Amino acid sequence: MPLALEQRLSIRIYTRCRVQSIDPKAKTLETDSGSQPYSKLVLALGAEPIRLPIDGSGAEDVLSVNNLQDYRHMRERLQSGSRVTIIGNGLIGCEFANDLTAAGCQVDVVGLAESPMDRLLPYDVGVQLQEALREQGVSWYQGNTVERVEKEGDRYRVVLRDGTELVTDLVISAVGLRPRTPARNWPSRSVRTSIRAFRSMAE
Ligand SMILES: Cc1cc2nc3c(=O)[nH]c(=O)nc-3n(C[C@H](O)[C@H](O)[C@H](O)COP(=O)(O)OP(=O)(O)OC[C@H]3O[C@@H](n4cnc5c(N)ncnc54)[C@H](O)[C@@H]3O)c2cc1C
């Protein structure tokens, strides 16, 4: 961020600076670059992908795309015509299905819900989305989940709960995120949800 903007907003950004511990009594952070006092502290550490308990020799290779490095890894492993299995028929799973079919991949989507994006869309609208993506080439396996992923040479055999088997080049998991938890040496009582923090800030 340019210095002029930092001055206008009265903020200072310390890049490449990891917080190692928090002392809530002294209201101080210990960082890679030294101590930093605070009066109010907001933790905004991001989120980690949820990993499903999947069995099989290829389970470790199931990819979640949550940062630039994951994205690079996905791009390296894909080419036009690749077959991709996406676990999760929510917003991110559907977005990947759309983008990857547009890029020439063959896409199978496996999702627990009976229709795509069921937490965000009414059933009828979800079915319309499903049909539109089907016309684009997406195959749907809904009301279902992945139990095993077995490595077979350069490819994977994906076994679904109902026994269906899919052979694929890459398995992408898009089943949601959970908040990144603070390091062990960070006192848990200093961590509150954002809603409570914002309430107390408003008070
Ligand atoms: C594929 C994909 C598509 C998405 N599409 C959209 C979209 O279309 N629209 C949308 O609104 N959102 C989208 N999102 C979600 C969006 O990226 C996240 O909601 C957003 O990045 C969350 O911001 P954040 O600040 O909470 O976390 P982050 O952006 O993850 O930032 C957390 C920061 O905390 C830092 N940090 C962690 N630990 C420490 C420490 N000990 N000390 C100091 N710093 C630390 C990290 O380095 C990082 O910079 C998408 C996400 C993905 C993965």
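I note the pairing rule before anything else: two strands pair if DSSP finds at least two bridges between them. Strands here are DSSP runs of E with at least two residues, helices are runs of H or I with at least four, and both are numbered from the N terminus.

**Ground rules.** I am reading a predicted model, where local features need pLDDT of at least 70, side-chain atom pairs count only at pLDDT 80 or more, and totals for chains, interfaces and linings use all residues. Residues are numbered from 1 along each chain as its sequence is written.

**The open sheet.** I looked up the strand order and found β7-β6-β5-β11, an open sheet of 4 strands with parallel pairing. β7 (139-142) and β11 (170-173) are the edge strands; each has a single partner, so one side of each has no neighbour in the sheet. From one strand to the next, the twist averages 20°. I then checked β5 (residues 83-87) against β6 (residues 106-111): they run parallel, joined by 5 bridges. R83 stands opposite Q106 in β6.

**A helix across it.** I found helix α3 (residues 91-102) lying across β5, β6 and β11, at about 170° to β6. Such angles run from 0 to 180 degrees between N-to-C directions, with axes as lines fitted to C-alpha atoms, for helices over the stretch in contact.

**V158.** I located V158 in strand β9 (residues 155-160). Is V158 buried or exposed? V158 is buried, because 25 other C-beta atoms lie within 10 Å. The cut-off for buried is 20 or more such atoms within 10 Å, for exposed 12 or fewer, with partly exposed in between; C-beta atoms are placed from the backbone. I listed its contacts (C-beta atoms within 7 Å), leaving aside neighbours within four places in sequence: T85, V146, V149, E165, L166, T168 and V171. I also noted E147, 11 residues from V158 along the chain, with 7.8 Å between their C-alpha atoms.

**The whole chain.** I counted 5 helices and 12 strands in the protein. Of its 203 residues, 20% count as buried. The radius of gyration is 22 Å, whereas a compact globule of 203 residues would have one near 17 Å. That radius is taken over C-alpha atoms, and the globule rule is 2.2 Å times the number of residues to the power 0.38.

**Domains.** I find domain 1 (1-45) and domain 2 (48-175), with bounds from an automatic or database domain assignment. Their C-alpha centres lie 39 Å apart.

Methods. Contact = placed C-beta atoms within 7 Å.
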